[in-house]
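Please look through the chain below before reading on. Keep the sequence and the 3D view side by side.

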Amino acid sequence: MELDSRTDRSFARARGRAALAAGVLGLLLAVGGCGASGDSSGSNEKATDGKAAPREGFADGPEGAGADESRAASSAEDRADGKPSGSKAAPKPGAAATHVIRTATLSVEVKSVPKAVAAARGVAEGAGGLVATENTERLDDTYETSHLVLRVPQDRFQEVLRELAGSGKLLSRTSNAKDVTDQVVDVDSRIATQRASVARVRELMDRAEKISDVVALEGELSSRQSDLESLLAQQSSLKDRTSLATITLDLTPPDAPDDEGRDEDAGFLDALGGGWGAFVTMLRWVAVAFGAALPFLLTGALALLVWRALRRRGAARTAAPAGTPEKEGTPAP
């Protein structure tokens with residue numbers, strides 16, 4: 001009996017130890033399961049917020065899908081344009097456009113000035129330009145010269161210059177180019193700002209209720225519209241000068257008479273004309289000198305007359321006592 005009681009006690013202790021071990025194991029399993037579930041929920045939250053990096057070749061969420069669609073669309077457009085997929089887009093042509101004012105001056109000696117003028121007009125109009133100014137002066141019955149101002153497009157500027165320079169003997173040529181890109185950009189920006197300012201003032205006028213406010217806003221609107229019109233005029237002038245180049249062309253015939261040639265070939269009539277001109281010039285200078293001295297001469301003559309009158313009066317006073325008659329009864333000397 002005593003042995004059986006000891007055996008029962010040992011079995012009870014073993015069962016207790018087994019139950020304790022099972023409880024500890026179950027607790028450990030429960031703690032591990034909670035940690036795993038927390039990690040999985042955290043990873044899901046990161047994926048939902050878009051902070052986790054998507055796997056290569058996949059798009060997570062609507063943003064990834066949109067990016068894939070845009071890349072696919074761009075690839076399709078590149079293929080349609082004949083460009084390889086993934087190539088960078090070419091910059092816009094007007095993004096870095098430069099604005100240049102080009103001017104040139106030509107002096108050409110030609111055999112026939114009228115024909116050269118007609119040819120220059122045809123070259124300018126053929127290039128899409130125009131003749132802005134034409135001035136022809138006849139030197140005598142045989143010779144004449146012409147002064148032309150041509151406006152031609154910028155892209156045909158050099159071509160027109162070559163054609164005009166080749167129309168005869170080139171005497172002189174000057175060319176100038178001025179970059180006004182910064183000025184054009186500044187004027188465009190100021191115009192945009194001024195238009196927005198005018199629009200704001202008009203909105204304030206629509207909301208104004210007092211007459212004094214309306215009057216003040218009308219004055220401000222008039223001032224800003226005046227500034228806007230001035231800027232628009234500058235923009236138009238810059239556009240005209242940068243779109244059309246200016247060429248000044250002087251056409252002269254060969255052996256045209258000039259002042260030096262006339263002096264060398266002077267004859268009797270020329271000498272007579274020169275002498276007459278010198279004589280007239282001398283008379284003119286004499287008249288000018290006489291006119292300048294006339295006030296002094298008149299003053300001197302008046303002073304002389306006064307002096308002579310006073311002298312005569314003094315002589316008469318001294319002569320009167322000597323010429324008085326003698327009294328009666330006075331013995332003769």
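## About the model

This is a predicted model: local features need pLDDT of at least 70, side-chain atom pairs count only at pLDDT 80 or more, and totals for chains, interfaces and linings use all residues. Residues are numbered from 1 along each chain as its sequence is written, and side-chain values use heavy atoms, with hydrogens and water left out.

## Overall fold

The chain has eight helices and five strands. Both kinds of element are DSSP runs, numbered from the N terminus: helices are H or I with at least four residues, strands are E with at least two. Along the sequence, the pattern reads α-α-β-α-β-β-α-β-α-α-β-α-α.

How much of the chain is buried? Of the 333 residues, 16% are buried. Here, buried means under 20% relative accessible area, exposed means over 50%, and partly exposed lies in between (1.4 Å probe, protein chains only).

## Two packed helices

Find helix α5 (residues 181-207) and helix α6 (residues 211-243). They pack at an angle of about 155°, and their axes are 9 Å apart. That makes α5 roughly antiparallel to α6. Axes are lines fitted to C-alpha atoms, for helices over the stretch in contact, and angles run from 0 to 180 degrees between N-to-C directions. Angles under 35 degrees count as roughly parallel, over 145 as roughly antiparallel, 65 to 115 as roughly perpendicular, and the rest as oblique.

The crossing of α5 and α6 is left-handed. In a left-handed crossing, the near helix is turned anticlockwise from the far one by less than a right angle; clockwise makes a crossing right-handed.

## Salt bridges

A salt bridge is a side-chain nitrogen of Lys or Arg within 4 Å of a carboxyl oxygen of Asp or Glu. The count by this rule is six. One of them joins Asp 240 to Arg 151, with the closest N and O atoms 3.3 Å apart. Asp 240 lies in helix α6 and Arg 151 in strand β3 (residues 144-153), so the pair ties together parts that are 89 residues apart in sequence. Asp 240 is partly exposed at 32% relative accessibility. Arg 151 is buried, at 13%.

Helix α6 also holds a pair within itself: Arg 224 and Glu 220 are four residues apart, about one helical turn. Their side chains meet in a salt bridge at 2.9 Å, N to O. Arg 224 is partly exposed at 23%, and Glu 220 is partly exposed at 34%. Elsewhere, Arg 138 bridges to Glu 144, with the closest N and O atoms 3.1 Å apart. Glu 144 is buried, with a relative accessible area of 13%.

Ala 116 sits in helix α3 (residues 113-126). It is buried, at 12% relative accessible area. Ala 116 and Ser 167 are 51 residues apart in sequence, but 7.2 Å apart in space, C-alpha to C-alpha.

Arg 173 belongs to strand β4 (residues 169-179). It is partly exposed, at 41%. Arg 173 and Leu 249 are 76 residues apart in sequence and 9.5 Å apart in space, C-alpha to C-alpha.

## A nonpolar surface patch

Which residues form a nonpolar patch on the surface? They are Trp 276, Phe 279, Met 282, Leu 283 and Val 286, with about 530 Å² of accessible area together. Such areas come from the Shrake-Rupley method with a 1.4 Å probe; for residues, only the protein chains shown count as cover. Patches are made of residues with over 30% relative accessible area and no salt bridge: like charges are joined within 9 Å, nonpolar side chains (Val, Leu, Ile, Met, Phe, Trp, Tyr) within 5 Å.

Met 282 is found in helix α8 (residues 268-319). At 44% relative accessibility, Met 282 is partly exposed.
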